[in-house]
Structures are given as structure tokens and as C-alpha cells.
Amino acid sequence: MTTPVLSKKYYLTIYFVTWLVIVVVHAALLFFLYDISLTESITDSVVFNLLFAAAGYTLWFVIRYNLKEKPSGVDLLFQHLMVAGVIIAIWFFVSYYTLISLFPADQAYLQFLKESTPWRIITGLFYYIVYVLIYYLILYYEDLQEKLRHEGELKSLVKEAELNALKSQINPHFLFNSLNSVSSLTLSRPDKAQEMVIKLSDFLRYSLSSDRKSTTTLENEFENISRYLDIEKVRFGKRLNFVPDIPTKCFEAKVPSLILQPLIENAIKHGVYNSTEEVKIALSCHINDDFVTIHVSNKYDPAAIRKKGEGIGLKNIRDRLLLIYHRNDLLMIDSDGKTYHATLKIPLTKPA
Amino acid sequence: MEKIKIVIIEDEAPARDLIKAYLSEESDIEILAECENGFDGIKAISKHHPDLVFLDVQMPKLTGFEMLELLDEYPQIIFTTAYDQYAIKAFELNATDYLMKPFSKERFLKALTKAKSKISKKILEEDNVKNLVTKVKEQADTIHRIFVKTGSRIDVIPVSEIIRIDAQDDYVEIVTKSKSYLKKETMNFLEKNLPKTNFIRVHRSSIINSDYMDKIEKYGKESYLVVLKDGSRINVSKSRIKELKTTLGI
């Protein structure tokens, strides 16, 4: 627990200097205006002011911790009146009796001390108000700093997530190998090369235009993966055999955009990339009142699986499902050692 | 003049077509084989003894590097790759020529000219390629399969089937449920790259797969034996007992 006064050397200096000035002014007033002797003037000033400096210091904890609940209007005023009453009373009586015990014989001074009581209380109240205002300002400033820092962190997190999403959408192997195929086709089949460039552009445009929260129809999603698979078909030829089975009644279902592509990409990566034979990628879909269920399956070579755990593509799907539907049980992955199954359950009603 | 014999090993048809198209105007070469995978590549190399091979790094079943390890002879090699930062680092360390897909005809011909001049000067690539393979292996992740070449036969052993591995001079003996294989490999490499969850080097000359472990027997004062499911009894060296126990969680 640190107070702002102790948090920086510079604040501590200001605190001391301010109180020193007050002590000097106070003592000077008593000495020159009220004809109190020098010793009494200085002692009076030091006792009253240093005790308040100490009380004010502890006031920070009251403000910081007791009033942190942010009570409103009347409550706040009432609390402050209570705290002020207690602090000023303690401060005044301790100072008062300290001075009486220090100068028991000086009747003129004791008379003055007695008469000045209302002024002392008013000064105490004034000090209290100044303290509270300064402390509130510091708290407000700290809060603002914290908010700004937090906001900055959040922004960089969002950026990172976006970047990761982008990276996982566009696999560099896919991109460069596809461009290599285009390069080859420009020599042998320029018409096919053009078709492939257009498909590749459409695919990239679709990937870049979707954000993490956007949804689209299953029909759009299906068109996108069809483009993707057409491109891959040029590279892999007969090794890639895509068998879709999507009833038209599923087409209008709303699903997160780019949710299918990572599943198909995984099927290609683990199935087709690692196989010299034909690999069937089956996509099926059914719909009921609550969910549209999409199922992707492919054979894979268990000896070829290199990485443990889930790749960035699946993690991304899970993150987005959690973000949009607040559920983490919508993607199910299952493999029996030969065939890999991914099942995606998309709720038809989106939570608010 | 004798023509330069070329083999193309590349799993994607358009990529093979492109190399053939770029080579079509060259009169001093002949393409002897086009292979879709590394297994066919090994066969083609041992059959045709090419001077130059275009080799794709990423291929199914057997990658370009895994294929190189199984070769008996080393022709000039021009690697092709779409995206592989590790491989590129290794190529550069070994001054091996490689083409980044997609590559221009100009870049392709430059690589070809360089290879031709090495071939005409009869500069042997063997050490270079072996070095490269070692470098790539050093960076390798955990391995999940081991290739063993016996004569012209290549066996792929999934590591999950390995019961134990014993050191045999320059070779290792890999024992599975059904067979045992000899491969030129080091125990240190296997210790480092087999999955650490179940492969434990219990002795300077033995690595065991804890999935096939029956029990640990104590004999003598501080000596232990591991008994495996195939009945074999493996000595555990004193210094490795602790490691074995931590891996097994006992």
C-alpha cells in the first residue's frame, strides 16, 4: 500500500515544502498579528500543522479504500462529514491539550488558544476539503491512466488476433503452390490460368472481407469452399475427390463466415498432402429447428501426423464460436485412427 | 556430346509441367523420368542414374529430405519449395541451389546453367547433400516414422510400433512387434527426436518404448532391468534410472 505522497520523491518534496510554508505563515501570523511570543507561535504552528499533515496523510487510505464503493450524492456527503468530524475532532483535541501541557503557565497564550477554537475548526475543515479534492484528482488521474493502458493492451490483443486469423486463413503453401500452378497454366492452358486467377482472387477477397464476428449464409460458405477446392483440384488432380452432400434446405442457414474453409483445409493438409492415392473428402449437412449440423470427413495416414494437438485453424474456429454463440461445445473432432471426422453444430438463433 | 540425364520428382502435375516447359528448349538434356512421390523417385534414380534431379521438398509419404537420406548415389539436385523457412536456411548454409515457387524462367535457367557446369566439371555433390540432410535433421521436430532401406525395399515404420532400439556399431537395430530392422543412424539422434513421452534411453546402447514395458526388476544392490512385452530384458544404467522413473512418473 503506497500513498501518492510516497510514490514519488518529487511528491514527497512538494508535500513537505507546502506544509513548511503553512507552518511559517501560521507562526508569522501569530507572532506579528497576535503578539504571541516567538516560542509559542512556532510551537503552536508546528503542533497544529504537523498533526494535520500526519492526519491528512492517513486520509488517503480513507478515501482510497473506504469511499471506493463510489457512494452517490447524499451518502458521499454524509460519509465525508463523518470522517471530517472525527479527524478534525481528534486533531484539534490532541493539538489543544499538547499545547496546554507544553505551556501551562502562559495565561495570555492559553486565553488566545481558547478563543481561536472556531478558527482552528474552520481551518481544519478547509484543510480537509483541500486534501479530499487533491486526492480525488489523483484517483481520477490514476484511473484514466489505467484505462488508457488497458485500452492499449486490448487494442494490441485485437490486432494480434486479427493477424492470427489472417495467417490461418491464408496458408502460404496453398498460396505459393497455387501461384506456381497458375504460372504453369499460363504456358500450357492460358484460359485455365485465367479461370484459376479469378477463383484465387475471389477466394482471397472473401477471406479478407470477413471479420471474426460476421455471419453469412451456408450457401455463400459452400461457394467459397468450392472455389478453394477447385483451386486445389488443379494442384492435386485425382488425388483430391470432394463429395459434397448439402440439401438445398440448408442453404439459407446463417453460419459464421469462413467457418468451413479451415475444416476443408485441414482435410486437405492431413488427407491429401500426405497421400499418394485418391482421398475422399465428404461434406454433409442436415438441419433441424435448432441447429444446422455440418460434417466433414477424410481418410488420413496416422504415421504422417506430425504435430500434436490442434492447429491454429481449429483453435480459430473454436474461438469464433465462443465469441459469437458463447459456447465451446459446437465443434467436435473425432478420429478412429484412419478417418478424421469434424462436426460443426451451428445454432440457428444467435444470442443477443 | 552426351545429354544431361534429368529426373523430375514433384507431386503436383502443374508444377511438373512447368519444369518440362522450361526445359523444352534445351537440346542438351533428356528427361528420363517424372515421379509423383519420393518412393518412385528413389526407384527412378537407382534405375536411370541421372545427372540432375529437380526435387520438391514437400511431398506426401516421403519428403524430399527423407528421400535423400535413402539414396545410394547423389546426383546434382535443384530443390523446389513453396514455403519452408527451415529448408531455405539449410540450403543457404550449404550453398545448395533452390527455386522458390513460383519461379521465373530466368531464375530457372540460372540454376540449370550452374548445375550443368558442375556436371561438366564432374563436381560430386555427395558430401554437400549429406551435409544438408544432416542439417535439416538437426532442426527436425519429433519424428513419427522411420524409413529403412534394405536393398531396393523401403519400409516405413510408425514409431508407435517400435518396441526397442539397440546400438549395433554404426547401425541401430529397430525391433518392432513383427520384425527387426537395421538402419545406419545414431542413438543420439533417435534419443533426441523420438517422442519423449514414451521413448527412453535406458542405456548407452538401448532405447525402449515404455508403452511396451512389462515391468522393472531390481537385481543386485543398485541395478535394474526393464522387461519388455517381447520378453527382452534390458539393462538400465545407473545414471539413467532417475530419468526412467521421472518419465514413467514413479
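The model shown in every figure is predicted.

**Figure 1. A:Leu258 sits in a loop of chain A.** The loop runs between strand β3 (254–256) and helix α10 (261–272). Most residues other than glycine have a negative phi.

**Figure 2. B:Lys61 is a residue of chain B with a positive phi.** The value is about 65°, and B:Lys61 is not a glycine. Look for B:Lys61 in the loop between β3 (52–56) and α3 (64–69) of chain B. Is this lysine, B:Lys61, buried or exposed? B:Lys61 is buried, with 22 other C-beta atoms within 10 Å.

**Figure 3. A cis peptide bond joins B:Lys101 and B:Pro102.** Omega is about -10° at this bond between B:Lys101 and B:Pro102. Most peptide bonds are trans. B:Pro102 belongs to the loop that links β5 (98–100) to α5 (105–120) in chain B.

**Figure 4. Helix α2 of chain A covers residues 9–33.** Its 25 residues reach 36 Å from the first C-alpha to the last. That is close to the 36 Å expected at 1.5 Å a residue. After α2(A) comes A:Asp35, which has a positive phi near 60°.

**Figure 5. Helix α4 of chain A covers residues 73–102.** This helix has 30 residues. From first C-alpha to last, α4(A) reaches 43 Å, close to the expected 44 Å. Which residues of α4(A) are buried? They are A:Ile87, A:Ile88, A:Trp91 and A:Ser95. Residues three or four places apart in an α-helix point the same way, because the helix has 3.6 residues a turn.

**Figure 6. Chain B touches chain A.** Here 21 residues of chain B are in contact with 24 residues of chain A. On the chain B side, α1 (13–23) and β7 (153–158) are the elements that give two or more residues. Helix α1(B) gives the most, with 6 residues. Sorted by class, this side of chain B has 11 nonpolar, 3 polar and 7 charged residues.

**Figure 7. Helix α7 of chain A packs with helix α1 of chain B.** Helix α7(A) spans residues 172–188. The axes are 8 Å apart and meet at an angle of about 50°. The two helices are therefore oblique to each other. The crossing of α7(A) with α1(B) is left-handed. From α7(A), the contact residues are A:Asn180, A:Ser181, A:Ser183, A:Ser184, A:Leu185, A:Leu187 and A:Ser188. From α1(B), they are B:Pro14, B:Ala15, B:Asp17, B:Leu18 and B:Ala21. By class, this contact has 6 nonpolar, 5 polar and 1 charged residues.

**Figure 8. Chains A and B can be set side by side for orientation.** Chain A has 11 helices and 7 strands. Chain B has 8 helices and 15 strands. Of the 352 residues of chain A, 27% count as buried. In chain B, buried residues make up 34% of 250. Now take contacts in chain A between residues at least 6 apart in sequence: 73% join residues at least 24 apart. In chain B, residues 24 or more positions apart account for 55% of the contacts with a separation of 6 or more.

Conventions:
Residues numbered from 1 in each chain as written. Chains lettered and ligands numbered in written order. Predicted model: local features only at pLDDT ≥ 70, side-chain atom pairs only at ≥ 80, totals over all residues. Helix = DSSP H or I, 4+ residues; strand = E, 2+ residues; numbered from the N terminus. Expected span 1.5 Å × (residues − 1). Contact = placed C-beta atoms within 7 Å. Nonpolar A, V, L, I, M, F, W, Y, C, P; charged D, E, K, R; others polar. Axes fitted to C-alpha atoms, helices over the stretch in contact; angles between N-to-C directions. Parallel < 35°, antiparallel > 145°, perpendicular 65-115°, else oblique. Left-handed = near helix turned anticlockwise from the far one by under 90°. Buried ≥ 20, exposed ≤ 12 C-beta atoms within 10 Å, placed from the backbone.
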